[in-house]
Amino acid sequence: MAGLEGTGQPRGAGRATAARWSPAVEDERATQALDLYGNPTEREVRLPSLPESAATARRLAQVVCLRQWTLGPKVTEDAVLLVSELVGNAVRHTGARVFGLRMRRRPGWIRVEVRDPSRGLPCLMPVQETDVSGRGLFLVDKLSDRWGVDLLARGKTTWFEMRVVDR
């Protein structure tokens, strides 16, 4: 079951699709975010736990996926959306002052981690087409190949992994 310490759920070929913002072209603010906050591939980037930090996290993911990892627009779009969902959960549900964002790549895979000081586990809820909230983990579950939560001595890391084509 997703949400248990150190476990992840493999995902099948079924993918959710939705009309959403497309980060196919790197914008100037994405590069500025990288310069201002640091590179989440080199170290955990700490961001204030504020709603506007989701935009910063999306921009960081965008610039890493497009420029540093040279991933395609579809993978980048999905990764940016899932970063936004994990960050939104950390901001809304943990009561934290800050959260951490880390991005890793290994052959054939990317992994994105959002760390916060709460040990409360996220919960994958059933969703309906008419639901206007509570769909974050549903999207993570559908668009990622694996996701999970690692409990830490102080807090947790919620993560997802996606298969990517190495160029």
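Helix α4 (residues 136-143) is largely enclosed by the rest of the structure, because 6 of its 8 residues are buried; buried here denotes under 20% relative accessible area, exposed over 50%, and partly exposed the range in between (1.4 Å probe, protein chains only). The buried positions of α4 are G136, L137, L139, V140, D141 and L143. Their cover includes helix α3 and the strands β5 (146-152) and β6 (155-163). Helices (H or I, at least four residues) and strands (E, at least two) are DSSP runs numbered from the N terminus.

The model is a predicted one, in which local features require pLDDT of at least 70 and side-chain atom pairs count only at pLDDT 80 or more, whereas totals for chains, interfaces and linings use all residues. Residues are numbered from 1 along each chain as its sequence is written, and side-chain values use heavy atoms, with hydrogens and water left out. The predictor's confidence in each residue, pLDDT, is given from 0 to 100; its mean over the protein chain is 84, and 80% of the residues reach 70 or more. Over residues 1-22, pLDDT stays under 50, and the model has 48 contacts beyond four places in sequence for this segment. Contact means heavy atoms within 4.5 Å. Where pLDDT is low, the predicted coordinates should not be read in detail.

The protein chain contains 4 helices and 6 strands, arranged from the N terminus in the order β-α-β-α-α-β-β-α-β-β. Of its 167 residues, 50% count as buried. Among contacts between residues at least 6 apart in sequence, 71% join residues at least 24 apart.

Helix α3 (73-93) has 21 residues and reaches 30 Å from its first C-alpha to its last, close to the expected 30 Å. This helix is also mostly covered, with 16 of its 21 residues buried. Just after α3, G95 takes a positive phi of about 70°.

The loop between α2 and α3 holds both W69 and T70. W69 counts as buried because its relative accessibility is 9%. Leaving aside residues up to four places away in sequence, W69 touches T41, V64, M103, R104, R105 and I110. From W69 to I110 the C-alpha distance is 9.4 Å, although the two residues are 41 apart in sequence. T70, at 39% relative accessibility, counts as partly exposed. Its phi is near 50°, a positive value in a residue other than glycine. Most residues other than glycine have a negative phi.

R102 is placed in strand β3 (residues 98-106) and, at 15% relative accessibility, counts as buried. Beyond four places in sequence, R102 touches P40, T41, E42, R43, E44, R111, V112 and E113. V114 is found in strand β4 (residues 109-116) and is buried, with 1% relative accessibility. Apart from its neighbours within four places in sequence, V114 is in contact with L86, V87, A90, F99, G100, L101, K156, T157 and T158. V114 and F160 are 46 residues apart along the chain, and their C-alpha atoms are separated by 9.2 Å.

Ring interactions were also searched. R111 lies over the face of W159, at 4.2 Å from the ring centre; a charge sits over a ring if NZ of Lys or CZ of Arg is within 6 Å of the ring centre and within 35 degrees of the ring normal. The search of the whole structure finds 0 aromatic pairs. For such a pair, the ring centres of Phe, Tyr and Trp (its six-membered ring) must lie within 6.5 Å, with planes under 30 degrees apart counted as stacked, over 60 as edge-to-face and the rest as tilted.

Methods:
Expected span 1.5 Å × (residues − 1).
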